[in-house]
Amino acid sequence: MKQTTTERLENGNIKLTIAVDLQFIGNGKRIVQPDGSEQQDSVREILLTAIARGRRWQSYIDDGTVATVKEIAERIACNESYVARIMRLSLMSPSIIRKIIAGDYPPGLTINRARKGLPLIWTEQEKILLK
């Protein structure tokens with residue numbers, strides 16, 4: 001794998017070359033750094049944002065602000081199916097959420113994997129998502 005290099009171009013700009021490998025997985029990409037580690041911070045941020053959003057939307061229904069998922073989808077100009085999938089994350093096991101917050105979760109745990117039909121029983125979720 002190439003090393004990181006910098007080069008000053010004739011026009012005065014600086015060209016920075018960084019060695020990375022892109023691995024295509026499902027519908028996304030993962031950046032693999034030269035030492036073999038993966039970029040996890042963006043995945044962690046996406047997961048935590050989606051969980052928080054799902055909990056907030058669920059609280060709107062719980063407190064009577066809205067009556068249905070459809071109302072939420074209309075308010076945020078989003079697909080009803082997307083809202084429902086994100087809201088399912090509000091049912092995620094607290095131990096999984098703690099691991100995500102700490103950054104101590106498997107590299108294969110992505111938003112797409114987490115929002116696909118999780119079982120309601122937390123121990124089953126943990127078996128599926130933390131393996």
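Reader: How are helices and strands assigned here?
Author: Helices (H or I, at least four residues) and strands (E, at least two) are DSSP runs, numbered from the N terminus. This is a predicted model, where local features need pLDDT of at least 70, side-chain atom pairs count only at pLDDT 80 or more, and totals for chains, interfaces and linings use all residues. Residues are numbered from 1 along each chain as its sequence is written, and side-chain values use heavy atoms, with hydrogens and water left out.

Reader: How many helices and strands, then?
Author: Six helices and four strands. Along the sequence the pattern reads β-β-β-β-α-α-α-α-α-α.

Reader: What share of the residues is buried?
Author: 24% of the 131 residues. Buried means under 20% relative accessible area, exposed over 50%, and partly exposed in between (1.4 Å probe, protein chains only).

Reader: And what share of the contacts is between residues 24 or more positions apart?
Author: 48% of the contacts with a separation of 6 or more. A contact here is heavy atoms within 4.5 Å.

Reader: Which residues have the most contacts inside the largest nonpolar core?
Author: Leu 47, Leu 89, Met 92, Ile 100 and Leu 109, in a core of 21 residues. Such a core is a set of buried Ala, Val, Leu, Ile, Met, Phe, Trp, Tyr and Cys residues joined through side-chain atoms within 4.5 Å.

Reader: What does Leu 47 touch?
Author: Ile 100, Tyr 105, Leu 109, Thr 110, Ile 111 and Ala 114, leaving aside neighbours within four places in sequence.

Reader: New topic. How many aromatic pairs?
Author: One. The rule takes rings of Phe, Tyr and Trp (its six-membered ring) with centres within 6.5 Å; planes under 30 degrees apart are stacked, over 60 edge-to-face, and the rest tilted. Trp 57 and Tyr 82 have ring centres 6.2 Å apart and planes at 70 degrees, so they are edge-to-face.

Reader: Where do the two sit?
Author: Trp 57 is in helix 1 (residues 41-62) and Tyr 82 in helix 3 (residues 80-88).

Reader: Trp 57: buried or exposed?
Author: Trp 57 is buried, at 3% relative accessible area. Tyr 82 is partly exposed, at 22%.

Reader: Stay on helix 3. Which residues there are buried?
Author: Val 83, Ile 86 and Met 87 are buried.

Reader: What caps the N-terminal end of helix 3?
Author: Asn 79, with a side-chain oxygen 2.6 Å from the backbone nitrogen of Ser 81.

Reader: Where is Ser 90?
Author: In the loop between helix 3 and helix 4 (94-102). Ser 90 counts as buried, at 16% relative accessibility.

Reader: What does the Ser 90 side chain reach?
Author: The backbone oxygen of Met 87, at 2.6 Å. Not counting residues up to four places away in sequence, Ser 90 touches Gly 54, Arg 55 and Gln 58.

Reader: Last one. Ala 102: buried or exposed?
Author: Exposed, at 62% relative accessibility. Ala 102 lies in helix 4. Ala 102 and Arg 44 are 58 residues apart in sequence and 9.2 Å apart in space, C-alpha to C-alpha.

Terms used
Polar contact = N/O pair within 3.5 Å; in protein donor to acceptor, adjacent residues only side chain to side chain.
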